[in-house]
Amino acid sequence: MDEGFSLSELEGAVPPDALLDALLTRLLNDDRAAGAPLDRGSEPLFALANELAELFGGSVAIEDLGRRIVAYSAVAGQVIDDLRTQGILTRRVPDSPLNDDQYRTVLRANEPVLYPRTDDEEARIAYPIRAGGLPLGSIWAIDGSGEARITPEQRTRLRAAAELAASYMLEDLRLGHAAQQPREHRLLALLDGAGVTGSGVTGSELAELGISEERGGVLLAFATTHDAPPSVLAQLRSSVHRHLALHRPETVTAARAGRVYALVERESTRSPAELIEPLLPVIGRLLGDGVRVALPGIAHRPAEVAPLRTLADRLFAVDPARSDARADPHPRSDPSKGAAGRLLTVEALRPELVFERVSALFQEAPELRSPELERMRIEDPSVTETLAVWCGCFGNVARTARELGIHENTVRYRLGRAREHYGVALEDPDELLVVWLQLRSAHGSRVNPDS
């Protein structure tokens with residue numbers, strides 16, 4: 001109702017002082033504080049809100065995913081409370097500790113959600129606005145009867161109104177006129193672990209993105225082998241989004257800190273790797289075979305996305321095929337050959353993740369390091385290397401000799417020196433485990449288990 005309403009039509013709908021403020025705001029066209037300027041394309045939504053208000057007998061608001069009121073009813077005699085009046089004046093849903101749970105419930109619902117009258121609010125009926133599985137907003141109608149009930153006619157009209165509102169809101173998105181925050185911003189907020197406005201993750205982001213919390217959202221992270229310029233990242237993101245959206249319409253992607261992230265709903269019949277593998281040849285033709293994909297896991301709550309991003313960063317950091325710290329002559333997989341070596345998972349890289357944490361532990365708590373091992377590393381590097389390889393060969397002298405290209409007696413001599421000169425208890429499994437962890441975290445060497 002951006003145009004064409006009179007003062008008489010609004011009498012009784014809101015308090016006089018609130019009505020004056022609303023009219024002044026409209027006449028001065030000063031919506032900057034609300035952050036949601038309305039254009040003439042919103043007029044049909046105002047008409048739609050008025051029609052529903054006539055049916056329900058109470059104030060109706062149409063909201064976007066940013067909890068901004070993009071249209072509201074102004075029908076003479078409609079029931080309205082102070083909370084809805086405040087929302088209309090500011091064009092934003094007032095803060096409430098109940099908001100997050102209520103919006104999460106409504107956006108996931110397939111039927112109208114009824115909320116009884118409370119001390120501050122009249123009885124309400126809410127219904128989601130969706131385009132297919134994509135949430136766009138919600139409709140909130142005050143029940144003029146005060147009973148929080150819905151008739152078959154109201155149910156039918158509410159469903160039809162939501163479908164019509166979705167078409168207008170989709171058109172606004174297409175034209176770039178929508179005031180709601182892009183889906184990309186929601187993903188970026190989840191990746192950073194903070195809300196778009198800096199107030200923290202609200203808890204309803206997965207529902208707003210059309211991702212079921214029961215199934216969970218799979219986070220995918222894409223990285224190039226070098227610092228890619230913005231144009232390359234944009235091309236990578238475009239390719240990823242086009243491919244994933246063909247299979248998962250709820251796909252949302254974003255670029256952050258030189259990487260591309262995607263969030264999709266988990267499928268019960270197909271693993272994330274199976275979803276990604278057909279995309280790798282396409283990316284390879286565009287950007288080369290150096291793009292790697294980290295699959296850190298599944299988030300069932302919005303607050304779980306940021307830790308998954310951190311885990312993805314760790315997977316990229318410890319990938320033995322890309323880390324300069326690794327000197328393994330026999331890597332388990334070559335990322336340039338086939339898809340398997342370019343998909344980084346916790347299962348495949350669990351040892352590297354453990355050694356990374358152990359290395360950090362030794363740095364944070366130096367008293368855990370054996371000073372004798374440190375002295376051996378400086379004074380007898382050949383003994384240190386032999387001990388590390390011997391541990392990796394499960395104490396097999398012959399295999400250790402083959403790995404190092406030396407005689408077996410040389411291996412035995414060096415092990416004896418480690419025992420006698422540096423106090424290494426080769427027969428104590430617990431101490432040997434600590435020795436191996438210290439050597440492994442310090443040198444990063446890996447013994448090929450198949451050699």
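Predicted model: local features only at pLDDT ≥ 70, side-chain atom pairs only at ≥ 80, totals over all residues.

Biologist: Start with helix H4, residues 82–90. Which of its residues are buried?

Modeller: Arg84, Thr85, Gly87 and Ile88.

Biologist: And where do they sit around the axis?

Modeller: On the same side of H4, because they span an arc of only 160 degrees. An α-helix has 3.6 residues a turn, so residues three or four places apart point the same way.

Biologist: What happens just after H4?

Modeller: Arginine 91 has a positive phi there, about 60 degrees. Further on, valine 93 lies in the loop between H4 and helix H5 (99–108).

Biologist: Valine 93: buried or exposed?

Modeller: Buried. Its relative accessible area is 12%, and the cut-off for buried is under 20%.

Biologist: What does valine 93 touch?

Modeller: Leaving out residues up to four places away in sequence, Glu63, Arg67, Asn99 and Tyr103. Glutamate 63 is 30 residues from valine 93 along the chain, and their C-alpha atoms are 8.4 Å apart.

Biologist: Which way does strand E6 run against E8?

Modeller: Antiparallel. E6 is residues 217–223, and six bridges join it to E8. In that pairing, alanine 221 has tyrosine 261 of E8 as its bridge partner.

Biologist: And how many bridges between E7 and E8?

Modeller: Five, also in the antiparallel sense; E7 covers residues 252–256. Valine 252 faces leucine 263 in E8.

Biologist: What's in the hairpin of E7 and E8?

Modeller: Two residues lie between the strands, and alanine 257 takes a positive phi near 55 degrees.

Terms used:
Residues numbered from 1 in each chain as written. Heavy atoms only, no water. Pairing = 2+ DSSP bridges. Helix = DSSP H or I, 4+ residues; strand = E, 2+ residues; numbered from the N terminus. Buried < 20%, exposed > 50% of the residue type's maximum accessible area, 1.4 Å probe, protein only. Arc of directions from axis to C-beta. Contact = heavy atoms within 4.5 Å.
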